[in-house]
Every structure is written in structure tokens, then in C-alpha cells.
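Let us walk through this model together, one region at a time. Please keep the sequence and the 3D view open as you read.

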Amino acid sequence: MDMAENGTSVSIQELSLNFGAVSVLKTLNLDVAEGEFIVLLGPSGCGKSTLLNCVAGLLDISEGRIFIKGKNVTWEEPKDRGIGMVFQSYALYPQMTVEKNLSFGLRVAGLPKDEIAKRIARASEILQIEPLLQRKPAALSGGQRQRVAIGRALVRDVDVFLFDEPLSNLDAKLRSELRVEIKLLHRKLQNTMIYVTHDQIEAMTLADRIAVMKGGVIQQLDAPQTIYNRPVNRFVAGFLGSPAMNFIDGRLEKDKGDWHFTVEDVRIPLSTYAFEKEPVPGPAVFGIRPEHVAFNSGTGWPFTADATVEVVEPMGSDTLVWLKLGKQNFTVRVTSERTPRNADAVSIGFDPMRASLFDAQTGSRL
Amino acid sequence: MTAAQLTAQELTDRAGLVPFGPKPRRTSAGRIGIYAFLIVASLFFLIPVYIMIVTSLKGMPEIRLGHLFNFPVEPTFQPWADAWLHACTGRDCNGLSPGFYNSVKITVPSVAISIICASINGYALTFWPYKGANLLFGLLVFGAFVPYQVVIYPLIIGLSSVGLFATLPGIIIVHTIFGMPILTLLFRNFYAALPVELFKAARVDGAGFWRIFFSIMLPMSVPITVVAVILQVTGIWNDFLFGIVFAGRSNWPMTVQLNNIVNTTTGVREYNVNMAATILTAAVPLIIYFVSGRWFVRGIAAGAVKG
Ligand SMILES: Nc1ncnc2c1ncn2[C@@H]1O[C@H](COP(=O)(O)OP(=O)(O)OP(=O)(O)O)[C@@H](O)[C@H]1O
Ligand SMILES: [Mg+2]
């Protein structure tokens with residue numbers, strides 16, 4: 001275990017889960033270091049919530065083991081796992097006041113009254129919900145409800161926080177505010193956090209490492225920047241980034257000892273590209289992010305080409321330009337000042353160092 | 001001059017010629033039809049009630065005059081007192097009151113026990129599915145459609161073999177059993193409509209089967225419980241068949257007593273007493289409806305719609 005010096009907090013080993021004949025999680029392995037913020041990111045239905053429920057002990061797993069803080073908790077009840085969980089729909093007990101909501105778990109555990117009061121005071125101070133303590137959940141706004149839901153996990157003094165899309169019921173502004181608050185909370189508490197989302201901005205901003213999932217399998221587990229810049233396969237490359245990465249289907253060819261990517265009459269030299277494995281000539285997919293392409297100002301890009309402008313979409317700080325490069329559709333993102341004006345034909349340039357090449361068949365990175 | 005014109009303009013606006021302010025309500029033919037139908041329908045049901053009330057307040061000589069719709073000339077509550085205390089069923093002349101107390105003794109425990117069992121059933125079926133839970137639920141739903149008459153004979157045999165036939169516990173058990181399918185269905189659907197994350201959150205908080213039921217589910221179940229109470233009280237209070245078969249002579253409910261009073265063959269037919277007795281018997285479900293009608297509708301909307 002490479003995280004050994006830091007201590008492993010949650011270790012999921014060979015975990016499988018089936019609902020009847022449907023296999024939702026497939027021999028999944030994941031080690032989360034002490035104090036790490038892991039984000040599970042993936043499209044709807046890929047098994048993120050299912051994985052989180054397995055860690056929480058709310059679902060019986062079909063195979064494998066789960067360790068939390070070095071203890072095998074595979075057969076433990078949720079309350080004995082040292083986890084707190086925050087749900088998308090808040091799941092506050094509607095008939096209890098905020099205070100009773102926070103204290104419910106502690107009362108179930110039979111903690112003494114003064115200890116309960118102390119913990120509620122601390123949690124409500126951290127989350128700034130002191131004025132709300134005597135209200136019922138129905139009398140709270142969405143953001144306040146989610147804060148109380150976080151507080152319910154906070155008072156239990158757990159080692160691991162599990163978040164299942166806690167912000168997706170909130171409007172955009174509140175979401176970005178609470179996102180920052182969760183980040184601050186993590187910095188303050190230094191707890192291990194596993195956070196499910198399908199919002200890539202949340203994933204990029206919050207995570208120490210992101211686990212990108214698809215079909216019950218973790219595709220890539222890496223730091224956000226690595227995932228963004230060096231996606232291991234075409235799915236990860238296409239899932240992250242908005243607008244999405246440009247993909248061009250073509251061929252990988254070797255010419256006088258230099259590798260090129262060719263499509264129709266366009267030839268992209270790959271001398272600056274760092275290959276993952278020994279390349280072989282044949283069909284391949286070339287991917288480059290819209291912001292890694294620039295409108296050519298004559299400086300020495302390794303690759304330049306002429307293209308025709310189709311649509312220009314101003315987005316405030318940036319502008320998205322839809323182009324045709326030969327027969328290929330292509331998007332370019334530039335800052336607003338650099339938007340081409342009244343030009344149908346432009347010339348673009350990029351450095352293939354920033355690009356990603358994928359196997360046409362398997363989709364894995366070359 | 002201009003001011004006058006402006007006001008004139010405003011006046012036409014206000015007169016509803018130009019759209020301005022609240023949209024004027026117009027009575028359409030369809031609306032008149034609806035009201036006409038409602039009035040006729042309520043008359044259809046209220047006229048018998050009116051006749052019952054006025055008849056119960058008349059003395060026998062006045063009834064013999066045959067003016068069914070007339071208001072009582074000398075209103076008297078004697079028939080009501082007779083119905084309650086002195087009306088005869090065969091040899092006993094104690095009125096309806098023993099039947100009333102019997103009905104209370106049957107209804108209260110039956111309603112309470114059946115609702116407690118059904119809410120726990122519905123909760124367990126929704127949140128703690130065990131092996132065969134779906135099969136059990138299917139059987140329960142099927143049970144809701146079994147005609148009562150079919151199972152009476154086997155039930156008599158079963159109850160008498162354990163010595164409960166024709167006893168108060170016997171009739172309570174029968175009512176509880178027959179209330180179970182529909183009540184369990186009601187509660188299960190109510191709980192199934194709650195977000196399952198609520199249950200998960202309570203599990204994470206360390207609460208077990210009973211703690212979650214009592215601390216979280218039960219406080220939320222008020223609307224559906226009201227629906228269940230109304231269903232059961234009216235059903236059990238109005239029941240005649242089970243009462244006459246399973247309760248035993250000394251525990252006969254009010255409906256059976258009423259039948260016996262009305263069908264007594266000795267002496268003159270005291271229509272005023274019969275009417276009063278009928279109203280008295282119907283009073284309990286009526287009061288329940290009036291008191292809790294609002295809750296009833298709310299509960300139906302909250303729980304019974306989503307399957
Ligand atoms: N109780 C269940 N029975 C059968 N299949 C289920 C059950 N719960 C979930 N699934 C299936 O498991 C898969 C994963 O579901 P899960 O809820 O984990 O997805 P998710 O990644 O959280 O998606 P989302 O982003 O929409 O929340 C889905 O295809 C879903 O249909
Ligand atoms: Mg989910």
C-alpha cells in the first residue's frame with residue numbers, strides 16, 4: 001500500500017455487488033488515505049451511490065471486504081463503522097427540530113446530556129446554524145437543510161464522512177457557496193471524506209483524488225489535474241471538461257522515424273507527444289481540449305492549420321468558436337479579447353504535447 | 001375636459017369592456033348544470049334523513065295521521081329515550097344502550113389492534129424486506145378481495161376449537177384479521193412513498209427496527225393513521241354479519257340490536273322509536289366523518305395515491 005506512511009482510512013478490496021442478476025459493482029478496489037478527500041465521479045447509474053451505501057453498510061455486498069481504520073467492517077452495522085453520511089435529499093427527520101435532528105444519533109447511543117449539548121454547540125457553531133436550532137426542517141431553506149444534514153454527521157465525531165451528491169438539490173449560486181464551505185470544513189476537520197457527484201466542477205475543486213467511474217468500474221483514480229490532462233481512456237477524456245474534448249478519428253503513422261497523426265490531408269506531428277506505450281501504426285483517436293487550441297498569431301506552434309468558422313458563442317469571460325477543420329468539427333475556447341472578428345477563415349495552432357491519443361478499438365491512452 | 005375623457009375611458013375599462021383588473025366571473029350553462037345536479041343529489045339523500053328526524057320527534061297518534069313530511073306539531077324526545085333505554089328486542093326491553101356499549105367494546109380494541117399490527121406490517125414490508133416479503137404482501141393483497149362469506153364457516157370451526165367462538169376476544173380477532181389486508185396496503189404505500197434516505201439516515205444514526213418505527217415513522221404517520229381509524233371505525237361499527245355470527249348473544253353489537261328492535265313482531269310498530277334507534281346507531285360513523293373529514297382527504301392524498 002503506497003499510502004502506508006499516511007495511514008489508510010478506508011480500504012475497499014475486491015468489492016462486488018449484484019442486484020439479482022444485475023452486477024452493479026465489479027471487483028472494485030479503492031484505498032483512501034487518512035484525511036484524504038476522494039470524489040467519486042461518473043455518469044448517472046454507474047454505481048456511485050451503490051458504492052457509498054456499501055461503505056456505509058446500508059447495502060449487503062456480494063463479495064469482497066471493506067476496512068475502515070484498519071478494522072474489517074464488512075459485516076458491521078452502519079453505526080459501528082465510524083461513518084457519517086449526508087444525503088442528496090437531506091433526509092432530515094421532519095417531525096424533529098434541528099436540535100433533535102442533530103442529537104438523535106447521540107441519544108440513540110445513550111450519550112450523557114451535557115456531552116450531547118457540547119457536541120451540538122460545537123457543530124452548530126462550525127456550520128453557523130445556531131439560530132435555527134429550534135426550527136423544524138420544513139421552516140429551513142435548502143442550503144440550511146443541507147448544513148443541518150452535514151451537522152448530523154459532524155456531531156457523531158466520525159472518522160469518515162460520506163457525501164452522496166449533497167449539493168445537487170441546490171441552485172447554482174448556493175452550490176458554489178456550500179462547495180467552498182465543505183472544502184473549508186475538510187481543511188478544518190482533516191477527516192477522510194468520500195464525496196459522490198456527477199458535477200465535474202465539484203469534483204475538480206474539492207478532490208485530492210478523483211475516481212472516475214463507469215459501469216461499476218473505476219476507470220481512473222488520480223489527482224484532478226492528472227485526470228484532466230492525462231486521461232487514461234477516451235471515456236474519461238470525454239467525461240471531464242466542458243465543452244468536451246475534440247476527438248478526431250484518424251491514423252497513426254510513422255514517417256522517417258517520426259510519428260504523425262493523419263486524417264484526410266491533415267498531418268499532425270507527434271514529436272512533442274509523450275507516448276504511454278510503444279506506438280504501432282494503425283487507426284487511432286486524437287483528442288485535444290478546446291482551451292489548448294489557439295488562433296494562430298504566427299508564432300511557432302508545432303502544428304497549424306486553416307479552418308472555417310461556423311458559429312461563435314460568447315460565454316462572458318470566454319468565447320467558444322465552432323470550426324470546421326477539413327471535414328472535422330472542432331471547438332476552440334479563447335478569452336473574449338482574442339475572438340476572431342468577422343473572419344470566416346482562420347488559422348489555428350496547438351502543441352500536440354497537450355493532446356491525448358487513444359486506441360481506436362479499446363479507447364485506452366496511447 | 002381631458003380629465004373627463006380619462007375618467008370615461010377608465011369607466012369603460014372598469015365596466016369589463018376592456019380587460020382590466022380581475023377577470024369577471026361568468027356563470028356558464030355547465031356550471032348551472034353541476035349545481036342543479038348537486039342539489040338534486042343532496043335532496044335525494046337528505047329527504048330520507050329529514051323524514052327520519054321528524055318522525056322520530058312525533059308521537060304515535062301524530063304519525064298515524066300519515067303526514068310524512070309535516071313538521072312535528074308537538075315535538076317529543078320520548079321516542080329517543082325509549083329507543084335508548086326501553087325498546088324491546090324479543091323478551092329484553094333495555095333499549096339500544098347495551099348494544100352501544102357492546103359496539104364500543106368491540107370497535108375500540110379492534111381498531112387499535114388492527115392499526116398497530118398493520119402499521120408495523122407496512123413498515124417492515126417497506127424498509128426491512130425479508131425473504132418472502134413480496135409473497136406475503138401478494139397474499140395480503142389477495143386477501144383483500146376474498147368475499148367474507150366464504151371464510152365464515154372455517155373461521156367458526158377454528159375459533160370454537162380454541163374456545164373463542166361467540167366471545168368478545170373472538171369478534172375482536174375476526175375484525176383484526178379482516179382489516180389487515182387493506183390496512184397493511186394503506187400503510188405500506190404510505191411508507192413506500194417516504195424517501196428511503198430517511199430510513200438510511202436513521203440506520204447510520206444507529207437506530208434499530210423499533211427505534212426507527214417509534215421515533216421517526218410513527219410521528220409521520222398521523223395522516224394515514226387517521227384514514228385507517230376512519231375506515232376501521234365505520235367498517236366495524238356498521239358491521240352486522242360478523243357481529244351476529246362471532247360475538248355471541250351477550251356481546252351483540254348495536255347494529256344487531258337495532259335489527260332486532262326494528263324487526264320485533266310483538267305489539268305495534270313504533271316508527272318513531274325505530275327512527276330514533278336508527279339515527280342513534282348511525283351517529284357514531286357520522287360524527288367521525290364530520291370531525292375528521294379534512295384529515296381523511298389529506299391522508300388519502302398523502303398516502304393512498306402513490307403505489
Ligand atoms: N435496489 C436496486 N435493485 C436493482 N438495481 C438497482 C437498485 N439500486 C440501484 N440499482 C441499479 O444500480 C445501478 C447503480 O445505481 P446507483 O444509484 O449507484 O447509481 P449512481 O451512480 O448513484 O447514479 P446517480 O448519479 O443517478 O445517483 C443503476 O443502474 C441502478 O439501476
Ligand atoms: Mg446516486
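In which helix of chain A do A:Glu115 and A:Lys118 both lie? They both lie in helix H3, residues 113–127, where they sit three residues apart, about one turn of the helix. Helices here are DSSP runs of H or I with at least four residues, strands are runs of E with at least two, and both are numbered from the N terminus.

Before going further, a word on the ground rules. This is a predicted model, in which local features need pLDDT of at least 70 and side-chain atom pairs count only at pLDDT 80 or more, while totals for chains, interfaces and linings use all residues. Residues are numbered from 1 along each chain as its sequence is written, chains are lettered from A and ligands numbered from 1 in the order in which they are written, and side-chain values use heavy atoms, with hydrogens and water left out.

A:Glu115 forms a salt bridge with A:Lys118, the closest N and O atoms being 3.5 Å apart; a salt bridge is a side-chain nitrogen of Lys or Arg within 4 Å of a carboxyl oxygen of Asp or Glu. Side chains of opposite charge can pair when their charged atoms come close. A:Glu115 also meets A:Arg119 in a salt bridge, at 2.9 Å from N to O. These two residues are four apart in helix H3, again about one turn of the helix. How open are the partners to solvent? A:Lys118 is exposed because its relative accessible area is 56%, whereas A:Glu115, at 23%, is partly exposed. The cut-offs are under 20% relative accessible area for buried, over 50% for exposed, and partly exposed in between, using a 1.4 Å probe and protein chains only.

Another pair bridges a longer stretch of sequence. The side chains of A:Arg267 and A:Asp255 meet in a salt bridge of 2.9 Å, N to O. This pair links distant parts of the chain, with A:Arg267 in strand S13 (residues 266–269) and A:Asp255 in strand S11 (residues 246–255), twelve residues apart. Both ends count as partly exposed, since A:Arg267 has a relative accessible area of 39% and A:Asp255 has 27%. Elsewhere in chain A, A:Glu34, A:Lys69 and A:Asp159 are linked in a network of salt bridges. Over all chains, the structure holds 16 salt bridges.

Now step back to chain A as a whole. Its secondary structure comes to eight helices and 20 strands, and its C-alpha trace spans about 75 × 45 × 40 Å along the principal axes. Of the 366 residues in chain A, 52% are buried. Among contacts between residues at least 6 apart in sequence, 65% join residues at least 24 apart, where contact means heavy atoms within 4.5 Å.

A:Asp318 lies in strand S17 (residues 318–325), and it counts as buried because its relative accessibility is 18%. Setting aside residues up to four places away in sequence, A:Asp318 touches A:Glu313, A:Arg333, A:Val334, A:Thr335 and A:Ser336. A:Thr339 is found in the loop between strand S18 (328–335) and strand S19 (345–350). This threonine is buried too, with a relative accessible area of 14%. B:Thr167 is placed in the loop between helix H7 (148–161) and helix H8 (168–192), and its relative accessibility of 22% makes it partly exposed. Leaving aside neighbours within four places in sequence, B:Thr167 is in contact with B:Phe246, B:Ala247 and B:Asn251. The C-alpha atoms of B:Thr167 and B:Leu139, 28 residues apart along the chain, are separated by 28 Å. B:Tyr35 lies in helix H2 (residues 29–56) and counts as partly exposed, at 47% relative accessibility.
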